[in-house]
Amino acid sequence: MHHAPVGCCSMTVRPLARALSPLPEESLPGLLLRLAYRLERSPARAARLCGLIHRQNRLPGEYLVSVPAERIGPFAAATRLNVEEANALTLSSFAAVYPPLASVRIAGSRNTTAARKSWAASISSRYCAACLSGDGSPVQTLYGGPWRLRWHLPVSYACVTHRILLSHTCPSCGGTPNRPTNTERQGLIAHRTTSGLHPAQCRRLVPNIHGNPATPCAARLDHDRRAARVSEADLSTLLALQHRIDQRLMSGQSSADAGQSASDHYFFPDLIVAAHLIRLSWPDGARYASSTRLTDLIDRHVFSAAARRHTPEPDERMPIAWVAPEDPAECAAVLVAADSLLGHEERDDAGMADRVRPLAASAFSRNPANIGASLRRMDVSPAMARALLCHTQGFYRAGGHRHARQRLPSRQSRFRIEHVPALLPQEWLSAHFDDLLSHWAQQTDWKVRHLRRVSALKLAEMSGGGTWPDCAKTLRIPWNTAQQSLKVIRQELNSRDLWSDFERSVESVASQLDWGTDRVQYGRRRELLSSWQVPADDWSELCRDLTQFGQGANSPTRDTATVLIWTHVTQGDHLHSPVLGTLRESGCSTQRLVASINQLRTPARKGSKRELLRRLETYSDLLATACDRLVASLQTGSLEIEVTAAHLREFKSA
């Protein structure tokens, strides 16, 4: 006869003769403790009867997060529950509204350190003594009140019902409930083979002074009536945030509230990252603590964490910077300061970024580079992600490994990167940069062109995100050209401390683009004209009656007209036009074409040159209109046929 191995999930389980219905919000370990007490068995035996004991006689801590599919069925059958009710005893029921749980991975061969590090959960539970003492009903009088599931989450630090901070240690031995010894893998229940203890009794083993084997502390946690360590005013502040946290957590267990807005989705990730910033930049964020007492609690936590970092405990394996404060009062103080940093209930994205950015800069400067990179990789709101970007000399740069959030726009913009030309148009420069340019000692055309290019790169960063090389690539600006422009402008602005003036000027342009109704899609114009050339008939028409042009080396040609029209329509740099680019790629000289372009662009133009330029501008305006109409109508086909035919008829009539 074949016998299934011990702990095999295929074992047959029978419904318990004396089952207990789960209490509201009860956790899986809490229910097992009550079942064991009622059955007068150890928690390990109760778990075996429910089909939960793992190989090697283990009761894995990861079952708190979720019970494997092959075990949830037998457990539900043994406890007379359906599978949905059984899963509600695990933290998986919060995964939809508490993102850290959705990202944590706890396999059977791993311990639960990852869950603590990511603020997902702690196998050790905080508790409210009043909740554990029960509600006075016969069942709760006999077996105690619920060990609430959300007490395992770092963001649960207070009981709103009883208006008290949670406890995290035994009032008698000072131990942490369900914290294993250094030699024991952390399981779902500490000392699971010990029987006879009430669910609210401390299970920690206490050494015997006479050399006898250690025995359980057995102190009643539900008798813990230690006084609150904060004032009534502070308690009201802490409870207000806890109430909002609880509302979001409990909404995840209601099928009627399955939908979740973007702001709700980012509530916990933003709060956790803000808590990291409060701690990592401390005491820079002290102004966000609402009282001296809360400031002292954060100060105590930061000092203790720093001391542990330099003299870690023997079993300390995780970076102390990431783990949530164990003490509920300290955790509460940090989270309330973090919530204040974010802006309490009113999430003003721009204001939040302004508050977060200085603390982020301080935190990143004091800690290893991987700290900042890790925070920037977290799935936070766009406003928080923008605030975490490194900002230096007018531009943001991404740090750490490459990931999608590097392309996050640096501001909330109504315009998009395709609305940005490669060179800031002259009229935009005149309207928004006069004050900045008035501080320049030498305002040469060369420097102004670099300013127009750098301003375009900044607008691209605002609307499309990414580093300046990313933006340059999108705008089709050569990398070395963009780098040179940045070098020139940085020298100019640094020498006169004008970065704030530059940013205000570009922000003014961005605001105009935000509210404009006639934005030009320069990106689409660049695409449409990437291989375009003035048709031969059009070039003949443009030169009609201009007999003064000779056949000299620098006389304008059809290619000259193509480059100048492309420059006008796309607001790009003529040196980066497709025609010149093709010549360079083929190894041909560009000298003659550039000379003919420069001859027409010289300020001292008259006669036939002036007339040709006037015609080219008219032609360019009509071509630009035709391009925009083509984009608006989403037509496909040959640009040369559909666009030039339309504007040529208008040009001839003009």
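Colleague: Is Gln571 buried or exposed?
Modeller: Gln571 is buried, at a relative accessible area of 17%; buried is under 20%, exposed over 50% and partly exposed in between, with a 1.4 Å probe and protein chains only. Bear in mind that this is a predicted model, where local features need pLDDT of at least 70, side-chain atom pairs count only at pLDDT 80 or more, and totals for chains, interfaces and linings use all residues. Residues are numbered from 1 along each chain as its sequence is written, and side-chain values use heavy atoms, leaving out hydrogens and water.

Colleague: Thanks! Where does Gln571 sit?
Modeller: In the loop between helix H25 (558-570) and helix H26 (578-585); helices are DSSP runs of H or I with at least four residues, numbered from the N terminus.

Colleague: And what is Gln571 in contact with?
Modeller: Leaving aside neighbours within four places in sequence, Gln571 contacts Pro421, Ala422, Leu423, Pro425, Arg452, Tyr522 and Trp566, where contact means heavy atoms within 4.5 Å.

Colleague: Okay, and is Cys627 buried or exposed?
Modeller: Cys627 is buried, at 0%, while Cys588 is partly exposed at 41% relative accessibility.

Colleague: Last one: at what angle do H9 and H13 pack?
Modeller: About 75°, for residues 232-251 against 328-342, with the axes 10 Å apart; axes are lines fitted to C-alpha atoms over the stretch in contact, and angles run from 0 to 180 degrees between N-to-C directions. So H9 is roughly perpendicular to H13, a label for 65 to 115 degrees.

Definitions and conventions:
Helices (H or I, at least four residues) and strands (E, at least two) are DSSP runs, numbered from the N terminus. Angles under 35 degrees count as roughly parallel, over 145 as roughly antiparallel, 65 to 115 as roughly perpendicular and the rest as oblique.
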